[in-house]
Structures are given as C-alpha cells and as structure tokens.
Amino acid sequence: MTDHRELHLGLVTTGVGGPGQYNRWLDPEIPGDASVNIDWYIDIVRQAEAAKFDLVFIVDSQLITRDSPPHYLNRLEPLTLLSALAVATSRIGLVGTFTTSYNAPFNLARRLASLDLISKGRAGWNVVTSGDGGTAANYGLDEHYDYETRYGRAAEFIEVSRGLWRSYEDDAFVRDRATGRFLDPDKLHALNHKGRHFSVAAPSLIKRSPQGEPALFQAGDSEFGRNLGARFGEAIFTHAQTIEQGQAFYTDLKGRAAALGRNPDAIVILPGFSVTVGDTDAHALEIDQYWREHDHSFEQAVAELGRAFGWHDFRQYDLDAPFPAAALEHARRSFYTQARRITDLAVSEGLSLRETVARTRQGWRSPFVGSAQTVAAEIERWFTARALDGLNIHSGHPSQFRRFTQEVVPLLQERGLFRKDYAQATLRGHLGLPIPANRRGAEAQPEAAE
Ligand SMILES: Cc1cc2nc3c(=O)[nH]c(=O)nc-3n(C[C@H](O)[C@H](O)[C@H](O)COP(=O)(O)O)c2cc1C
C-alpha cells in the first residue's frame, strides 16, 4: 500500500433491470434479452475496461418469484458468465456473488481458482449467505439457516477455501523434463479439515494464480455480516444514502478490522450507487426524476417491498392503515437487517403502508446527480471525507453509463483521483491489496501426495 489513496470504480450490471427497475428494459438501447446475452455483457464490460475500471460485479441470488425484477427472472450464472468475460477482456477485475449457504467449499473454491487462472489473477468473490430465504427449498431444506448458522458456515467456508487455495506451494511444479519429475510432492499439502459445518480431506486440484488467490468481497450488513467483513473482507460492498452514513459505515468497518489486528488501509469500502449525469444540474435532476417515476410503478414497489421480508405479500393489507409491523417475523431468515430498518422507520414515524412504500422508493435517490463537474466534485467530497474508497456504479441506462465513462471519469483523472491507465495486471493490484502469504500454518503437517 502506498500513502497515495486512489479512487476505485466498479461496474454493477443488471441488464434488463434489477431491484426497483421493473421498466428499465423498455429503454430502446437495452436488448430485451440483455441479461442472458453474452454480447451485451462483453460490450458493457469492455466500456468499463476502456475507462480503466477496477472491476465488474455480477450480483446473484437463487430464488425468483413472479414479482422479481426482470433481470432476476432470466439471467446467466455468474461463474460461467465471468469465465466468458475473462477471455473477452484483459485487465478488469471479475467479481461475482457466490453464497456459502448453498455451495460446498471444495467445489466452489476450485471453480473460483479456475476463474482466477483463466483471467490471470482477476477473480473476486462476493461472499454472501443468501438473503432470499426461499432458496432453501431449492436445496432440499425446509427453511433457510438462522443467522448464526449462516454466518458460522460463511466463516468456516472462507477458511476452508483459503486452505484449499494454498494446497500447492508456489514452486511445487518442478516440470523437469530431464529427470521426468513433474511435482515436488513435499510441496503439496492436504487440508485435513474437520469443522463444525464442513469436512474436507484432500488438497485442492489447482495451483495459485498471479494474484495468489481470489480477492474476498463481503456485503452483509448485520452485526454478523459486519464482523465477517472485518475478519475476512478485502473489499466491502455496502449502501449509503448520505455522506454521514457512508462515513459511519467506513469508520465502523475499519475500526472492527483494526480491533482484530488487521491493517484497515488494506480494506476497500465500495458503496453501490446509480449516477445521473445531465448537461446541467437541473437537467440531471429532471432525468433522475423521470426515471424514478418510470423505472417502476407504485404497485410494483408494494410487491417488491416483500422481498426483504421473505417475499411476504404486502398487497393483502390496507395501504392506508399503519404499516403492518408484525410482518417483520417473516424476515427472520431473509434480509432481516433491511426489513428491520424499514419496520423501525415506519413504526417510529407512524407511517402507513402507502407512506412506507413511498419512502423506500424515495430512498433510491442517489447523491450523485448533476452535471459531470458536479458529480466529479461530489465523488471527491465523499472520497476525501472517507465515506468511501470507491464506487460501485450501476450501469443503468446505457446512455447514462456512457456519460459517466466519457464525461465524469476524465474529470476524476484530471483531479488526480483516478488512474489514467492500468498500472497493474491483477484485481489485487488494482485495489492495492497484498498477495496473501502461502505459508502453511504451524499446526498443518505437510503431507506427501499419493
Ligand atoms: C451492496 C450489497 C450487495 C449484495 N449482493 C447480494 C447478492 O448478490 N446476493 C445475495 O444473496 N445477497 C446480497 N447481499 C445481501 C447480503 O450479503 C446478506 O445476505 C443480506 O444483506 C442479509 O444479511 P445481513 O442481514 O447480514 O445483511 C448484498 C448486500 C449488499 C449490501
């Protein structure tokens, strides 16, 4: 890490429209099949790479309902998609969401290590525990794990994955044609892990990449989630609506990491935002307001409110009666942190259901709406105030993403905040993250390969 802080930029792609964007696909510039169209992904990710973005981020969940937003209804599986993007790009980092609740560490660690090698060290893993509780029914369970189990699995899953990624010492493959010796078996280490949630005996089947191993991202916001991020996260995705909220999260997360003996500067905080650029500030506000009203309807927002509450159906209630706070029970094994925040707001301010929905729709207003100059200045203000280390930008309407890359990025470069060209080849390199040491723990006994 150098003393010079550098801004980081990520691109979040939700093709035909993610949360709150039910009508975005009506934009004539967005192909109706964008979310399953590899050519569309390649095109937008190459735009981000031309603008020297650090990474592209593919969100995921494994549950849909008839009320899910269009992108969720029909989209490519992230690891498969990122592998295709890896060969269509050369520098940009490739980050996907993969859940620790409905995967096995041996398999997922292997697949992520493969992406890391295919991309020559550009893979990142957004570790989530799955907010959509209904996913359980797709994996043979009656209900989703409780929070303690979710996050207990997540921590152990990460430890196992890291152990697997360190199976081979960096010079294990001798490949000496003269002697016919391919491997130095002393440099291959079995994991022999037996834990509360997982048992993994064998070493991994794949060596480390130019960045050592995939960078770990984290996005949970509960106490459990923040502690997991502070312990393992190298980059943290979050949401922030005001600079004060951003600063509070930044200080909290980095403080937790420092208390665990980690270097807080080696953790990159990346809140997600939509950005609207206009010819003037007033023009940008007009565009933002237009899309706020047209990207989804009030009725769609009522249905979508249910997602945080385990897809509880709020259409059954009188819109003008007090917010039905008892619905929070349905969120226990879902997006509880988000659902509790909404419920607390509604109860403390005595809001009706209609007012609560109106508030959650308002909540999507981004602080980055204005002329290119205004947006660049506001990004600098947040960055300097340590409310963020970088932004995860939602690609949104294609014309807007072009305005961001072509008008705002050059201003960020002029201000000395953002790189003019890639200085590094790996995702860890872009983010200023160290390559994790590949030392065996004192307790791990090196084992000869069979
Ligand atoms: C910026 C951000 C992105 C997220 N992306 C995903 C995702 O792609 N898939 C998912 O299942 N959960 C995602 N989550 C949800 C969390 O990882 C977590 O499962 C959820 O918020 C519930 O846990 P919590 O109460 O600890 O936050 C995201 C959360 C945030 C803040």
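**The ligand site and the nonpolar cores**

Good morning. In this structure, a side-chain N or O atom of Tyr-151 lies 2.6 Å from an oxygen atom of the ligand, a polar contact being a pair of N or O atoms within 3.5 Å. The model is predicted, so to speak of local features requires pLDDT of at least 70 and side-chain atom pairs count only at pLDDT 80 or more, while totals for chains, interfaces and linings use all residues. Residues are numbered from 1 along each chain as its sequence is written, and side-chain values use heavy atoms, without hydrogens and water.

For a polar side-chain atom of Ser-222 the distance is 2.5 Å, and for a backbone N or O atom of Asp-221 it is 2.7 Å. The protein covers 89% of the 610 Å² of accessible area that the ligand has on its own (Shrake-Rupley method, 1.4 Å probe).

Around the ligand stand 20 residues, each with a heavy atom within 4 Å; Asp-60, Tyr-147, Tyr-151, Ser-222 and Thr-337 come nearest. This shell comprises seven nonpolar, ten polar and three charged residues. Helix α5 (147–165) gives the most, with three residues; helices here are DSSP runs of H or I, at least four residues.

The largest nonpolar core has 92 residues, a core being a set of buried Ala, Val, Leu, Ile, Met, Phe, Trp, Tyr and Cys residues joined through side-chain atoms within 4.5 Å, with buried meaning under 20% relative accessible area (1.4 Å probe, protein chains only). Again α5 gives the most, with nine residues. Apart from this core lies another, of 15 residues, including Val-268 and Leu-427. Thank you.

How values were computed. A polar contact is a pair of N or O atoms within 3.5 Å; within protein, one must be able to donate a hydrogen and the other to accept it, and residues adjacent in sequence count only if both atoms are side-chain atoms. Helices (H or I, at least four residues) and strands (E, at least two) are DSSP runs, numbered from the N terminus. Ala, Val, Leu, Ile, Met, Phe, Trp, Tyr, Cys and Pro count as nonpolar, Asp, Glu, Lys and Arg as charged, and the others, Gly among them, as polar. Buried means under 20% relative accessible area, exposed over 50%, partly exposed in between (1.4 Å probe, protein chains only).
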